[in-house]
Amino acid sequence: MNQAVAINVNDAITESPLYNLQETSEEQVNALFAACRSANQDLRKYTVSERCHEVHKVLDYVLQNRDRIAARICEETGKTLTDAVVSEILGVLDNLEWNIDNAPKILKDQTVHTPITLMGKKSRVYHESLGTVLVIAPWNYPFHIAMTFMMSAFITGNSVVFKPSELTPMQGLLEEILEASPLIRNSVKVVYGTGITAQRLVAARPDKIFFTGSCATGRKLLKQAADMLIPVDVELGGKDQMIVFEDVNLKRTTAGAVWGALTNAGQSCTSVERLYVHDSIYDEFVAELKAQFDALVVNAGDKGDADIGAITADFQLDIIKRHVEDARSKGATIHTGGMVTGEQGKFYLPTLITDITDDMLLAHEETFGPTLPVFRFTTEKEVIEASNRSEFGLSASVWSKDLERADRVARALVCGAVSINNVMLTEGNPALPFGGTRSSGFGRAKGAEGLLAFSRSKAILIDKQSDKLEPNWYPYTQKKFTLFQRLIDALFTKSPVKLLKLAVIGMQLESEAKKPRR
């Protein structure tokens, strides 16, 4: 029998209670999946364009209610208001609009090449829905990830079971938004709970799982899904690098580094966690970074005029403190920050750190907080090797006036995305795929690849109904065998009369196919 477990959701900064949730029982999970699978049968009747029309209703609702939605995001995450509006609201609107505009042509039936050996036939690829998919989202971008994944899945023709993090569930908000379209509301279900509920959801055998979160949780989910052969796409975090060569504009590049490391208080899987600066500009670069760090406003509950918000999860704050203290104890230089602030201790001051050695946690583990470790380098080869030593491989940025060098380095980095002379900007283009390599996960979201990830390709070959027998059908004869050998020679020759040879052999094969075995 399932025991109801209360989940307390608190204000991210004051920690005052907001509401309570209950763990979702196994029976409730099974009922949700049954409803979604039934809804999927109805959803299949709608075209991609019709589904996009429904998503446009959701886009309009978000646009009209963005201030209220942003306030709710800030309440549960502790983000600054600008972080909520730009990274969550704008990001969602941008992605939904791109999908609406592009999904019909990406998901339409495709006519593909048919080889000359299959002359007279037609080949197509259909992109069909998977069925009912499970999306499990993290707490750092609870609105953006929820909306972009759910709507991408719906546009592709899937019904969706969506589980937000129990830390930032925003109970009722997503359901309210989905009500803008009765078809979407019937096809997309939101379910609440902890990892216990997540295990029950996986056990219900969704047709595919899309998970964003920690490596540890991702590994557990993959093990459970593997036993049932459920396909999974995972995005598991990163230790993203920013590589700065000696020919950059100092003011612009340091400003990019500060924002790239500290946006959303560093609680982004693609935030800059390793900054490599060329030795010739290193000292000047660090001095400018410190000046910009010291000018930042740390606050939340603001009116759009604060830079750095709170740390959402208490356990994450513990990780940040442990990483910084480990570095400090091993000789790192803390130029600014390195401590908790605020009445409730929910803010961690932006922290600039140098003299990082290989034995420090900051050098390897994902910190996921407002810290910026800075490293020196001298040669291109050296920085590429240092950069690629990480177990992670999500995204990176390369900064140089020499675009050929920047492109060369971008190609050499083992990661899923690279911004050149900008930071975290691949995510700003909905047409670009998002995903990583190594311990950062596999699979792609967003862009054409992201939509196709929610579909399965079906190969179609169309022939005419006639009395014609295929040459490769039985019976096999010595004459056929000889003709097939000649066919292979003709197919893979550079002869100017190749087509003529193929036509002659083809007619001989067709004639032979009509004859019974002698």
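Just after helix H9, Leu 229 takes a positive phi of about 55°. Keep in mind that this is a predicted model.

Let me stay with H9. The helix runs over residues 215-227, 13 residues in total. At 1.5 Å a residue, H9 should span 18 Å, and its end C-alpha atoms are 19 Å apart, which agrees.

Which residues of H9 are buried? Cys 215, Gly 218, Leu 221 and Ala 225. They cover an arc of only 120° around the axis, so they sit on the same side of H9.

Now turn to the face of H9 pointing away from the buried side. There you find Lys 220, Lys 223 and Asp 227, which are exposed.

Next, H16. This helix covers residues 478-491 and has 14 residues. From first C-alpha to last, H16 reaches 20 Å, close to the 20 Å expected at 1.5 Å a residue. Its buried residues are Lys 480, Leu 483, Leu 487, Ala 490 and Leu 491. Note that a lysine, Lys 480, is in that buried set. The arc they cover is only 90° around the axis, which puts them on the same side of H16. On the other side, Gln 478, Phe 481 and Asp 489 are exposed.

What covers the buried residues of H16? The cover includes H17.

That takes us to H17, residues 498-513, where Val 504 has its place. Val 504 has 36% relative accessibility, so this valine counts as partly exposed. Val 504 also belongs to a nonpolar surface patch, together with Val 497, Leu 500 and Met 507. Together, the four have about 370 Å² of accessible area.

Last stop, Ala 327. This alanine lies in helix H12, residues 314-329. Buried or exposed? Ala 327 counts as buried, because its relative accessibility is 0%. Leaving out residues up to four places away in sequence, Ala 327 touches Ala 332, Met 360 and Leu 362. Asp 359 is 32 residues from Ala 327 in sequence. In space, C-alpha to C-alpha, Ala 327 and Asp 359 are 8.8 Å apart.

Methods: Residues numbered from 1 in each chain as written. Predicted model: local features only at pLDDT ≥ 70, side-chain atom pairs only at ≥ 80, totals over all residues. Heavy atoms only, no water. Helix = DSSP H or I, 4+ residues; strand = E, 2+ residues; numbered from the N terminus. Expected span 1.5 Å × (residues − 1). Buried < 20%, exposed > 50% of the residue type's maximum accessible area, 1.4 Å probe, protein only. Arc of directions from axis to C-beta. Patch = residues over 30% accessible without salt bridge, like charges linked within 9 Å, V, L, I, M, F, W, Y side chains within 5 Å. Areas by Shrake-Rupley, 256 points an atom, 1.4 Å probe, with all protein chains shown as cover. Salt bridge = Lys/Arg side-chain N within 4 Å of Asp/Glu carboxyl O. Contact = heavy atoms within 4.5 Å.
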